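Hi everyone, thanks for making time for this. I'd like to walk you through one structure, piece by piece, so please have the view open.

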Amino acid sequence: MTELRWYGWGDAAKTYALNHRPDAWKFLCAALDLGGEERFPPCDFDSINLRSPRIDETTLLMALATDLRPTSTPAEAFVRNDKRVRVLHAYGRSYRDLIRLRRGEILNPPDAVVFPATEDQVVRLIQFCVDKNIALVPFGGGSSVVGGVEPRGERVTVTLDLARLNRLIALDAVSQTATIEAGILGPDLERELNAHGLTLGHLPQSFEFSTLGGWIATRGAGLASTKYGKIEAMTVSARVATPRGIVETRAAPATAAGPSFLQLVIGSEGTLGVITQATMRLHELPKASDYRALLFKRFGDGVVAIRDMLQSDIAPATVRLSDEDETRSFFSLREASTGWKGFTERIGIRAVTALGYSFERGALMILGFEGSADAVSAEQARGLAVCRAHGAFDLGHGVARAWLRDRYETPYLRDVLMDRGVLVDTLETATTWENLERLHGKLAAAIADAAASTGARALVMTHVSHCYRDGASLYVTFLARMARGKEIEQWETIKRAATDCIMANGGTLTHHHGVGYEHAPWMEKEIGARGMDALRAVKQALDPNDIMNPGKIFQ
Ligand SMILES: Cc1cc2nc3c(=O)[nH]c(=O)nc-3n(C[C@H](O)[C@H](O)[C@H](O)COP(=O)(O)OP(=O)(O)OC[C@H]3O[C@@H](n4cnc5c(N)ncnc54)[C@H](O)[C@@H]3O)c2cc1C
């Protein structure tokens, strides 16, 4: 079983080999004015002191079901309140979370973590929490970056980890749908479906450590969303255990039965109830795929190329366009092997720059097609023609292969950089094509200015991904020297400036990370006061005592 890194990302046995990338650290030191000597190591796990649990395990075990015993399954498979499990469930994986974990600052951990094995046990636990006025936090993989799984408020809090609700319940091969329990992790889900020649096609960067229920609860998006859609497009129906009982939506390909209750469940972030299972739309496993990298002279040329592709009904699985700063950083972080080596041997950097392209000031696009062999070659030919018409230079497969290989590895880089005193975080939004370049410029400037106000020079890198006929998502990664001793205040200054900028300049508050408590202050601006009233009324109808994930979405 994978041992999770308690203060950072993923598998504790893995790290990001910064040393294999010859220019990377030098590049970052120059870009961020780093001295290179700074260190911010995590505290010693043994030195962390947690408040004592305010509820005992036996009470919770009894609450799940009296008929649990006699059973061959040990009690700790159902209920735990040891330090390790409480630390692992105290926070998600936002920058704020990782700073507090490194400092050993865990002031409000859950009092216990419960692992129900059946929906019936979920229902009993909810009823117990209602009766005792205990707050209940649903927990999938815990990869939230908006504070979604953190206990809030003074009440005793139990975290409900869905890890044991992880079965494929039914597969309808004729309709290409499957009903699956919500706690299944990405790799397990794909393994089950792939055995039947099928895929969900949802591949977020957190894929290995996030769950179906978490994806639905946060309206997530995967890297192939341009072809397969966001999770809300993949979800046919869901079953939710609420404090007022089970709510199940009808599995139909489409309906005109009033406003969509399913769409209220999607994105509800555990505030209405626990999603126990969902029926999902599937696709045949692609028989062929083609991923290649293209270089544009300017970011704006690439933006227009994507828009033209999408509006000509060309549907890449992945289209991801980095702005000039991200392109420059991508090539500086390259590994001296595989894709890059192949590229430099085959084409050569000089040949590309002689044609007026630049790895310093150009814009890199990863363009991937998936499907039947015929469809891939036809669509790719059309897509490439559009990109060439906008001046793209085809870098071939090697660079794209290296990007695909590393896609689940880059989250480990954050821990390595934080070790070295670097603030590193990401944020995202979406807007129309008409507004996209304007918002891109404003947002980069707002982040750089806010970082400067904290005395740090920022590296702000953006890419366009998750593309639609009418617009696309902007995904921003920003780095700066940590303001030591004021790490969280510095980050809050930047995050607030960025979010204010998004809201003032026509972006959505969030395209796929969700609301949690980090984005809650801006929710009224996003959907209006009456919109908030309506959502509160739904919450009141299903969870009148506010036991479900209090403090999230609603302030
Ligand atoms: C390195 C990294 C990369 C990421 N990349 C992406 C990405 O590419 N795309 C993307 O969309 N997001 C991404 N995220 C954000 C995060 O992974 C997503 O929000 C993901 O959908 C959360 O899934 P989870 O299972 O970890 O949910 P958790 O973090 O456990 O929970 C998230 C929220 O959903 C609620 N919840 C969880 N399960 C249930 C359930 N069964 N019923 C009701 N409520 C529930 C929780 O209470 C919480 O409010 C990334 C995060 C990290 C740290």
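Predicted model: local features only at pLDDT ≥ 70, side-chain atom pairs only at ≥ 80, totals over all residues.

**Starting in the sheet**

Residues are numbered from 1 along each chain as its sequence is written, and side-chain values use heavy atoms, with hydrogens and water left out. When I say helix or strand, I mean DSSP runs numbered from the N terminus, H or I of at least four residues for helices and E of at least two for strands.

Back to that bridge. Strand β8, residues 235-242, runs antiparallel to strand β10, residues 274-281, and the two are joined over 6 bridges. Two strands pair here if DSSP finds at least two bridges between them.

What does β8 do with β9? They pair in the antiparallel sense over 4 bridges. The two strands form a hairpin, with 2 residues between them. In β9, G245 is the bridge partner of T242.

How many of the residues of β8 are buried? The count is 8 of its 8 residues, so β8 is mostly covered, where buried means under 20% relative accessible area, exposed means over 50%, and partly exposed is in between, with a 1.4 Å probe and protein chains only.

Now zoom out to the whole sheet. It is open, has 5 strands in the order β5-β6-β10-β8-β9, and its pairing is antiparallel. At the edges stand β5 (168-172) and β9 (245-248), each with a single partner strand, so one side of each has no neighbour in the sheet. From one strand to the next, the twist averages 10 degrees; the axes behind it are lines fitted to C-alpha atoms, for helices over the stretch in contact, and angles run from 0 to 180 degrees between N-to-C directions.

**On to a helix**

Next, please find helix α18, residues 433-453. Its 21 residues reach 31 Å from the first C-alpha to the last, close to the 30 Å expected at 1.5 Å a residue. That expected span is 1.5 Å times one less than the number of residues.

Where does α18 bend? Look at L439, where the bend is about 25 degrees; this is the angle between axes fitted to the seven residues ending there and the seven starting there. L439 is also one of the buried residues of α18, which include W433, L436, H440 and L443. The buried residues of this helix pack against α11 (299-311), β16 (422-432), β17 (459-467), β18 (471-481) and α19 (487-504), with contact meaning heavy atoms within 4.5 Å. Just after α18 comes G455, with a positive phi of about 85 degrees.

At 42% relative accessibility, N133 counts as partly exposed.

**Aromatic pairs**

Last topic. A search of the whole structure finds 9 aromatic pairs. Rings of Phe, Tyr and Trp (its six-membered ring) pair if their centres lie within 6.5 Å; planes under 30 degrees apart count as stacked, over 60 as edge-to-face, and the rest as tilted.

Take Y95 and W491: the ring centres are 6.4 Å apart and the planes are at 35 degrees, so this pair is tilted. It links distant parts of the chain, with Y95 in helix α4 (residues 95-103) and W491 in helix α19, 396 residues apart. Y95 counts as buried at 1% relative accessibility, and W491 counts as buried at 3%.

For F331 and F359, the centres are 4.6 Å apart and the planes are at 70 degrees, so the pair is edge-to-face. F331 lies in helix α12 (residues 324-332) and F359 in the loop between α14 (349-354) and β14 (363-371), so the pair ties together parts 28 residues apart in sequence.

Finally, W6, Y7 and F45 form one aromatic cluster.
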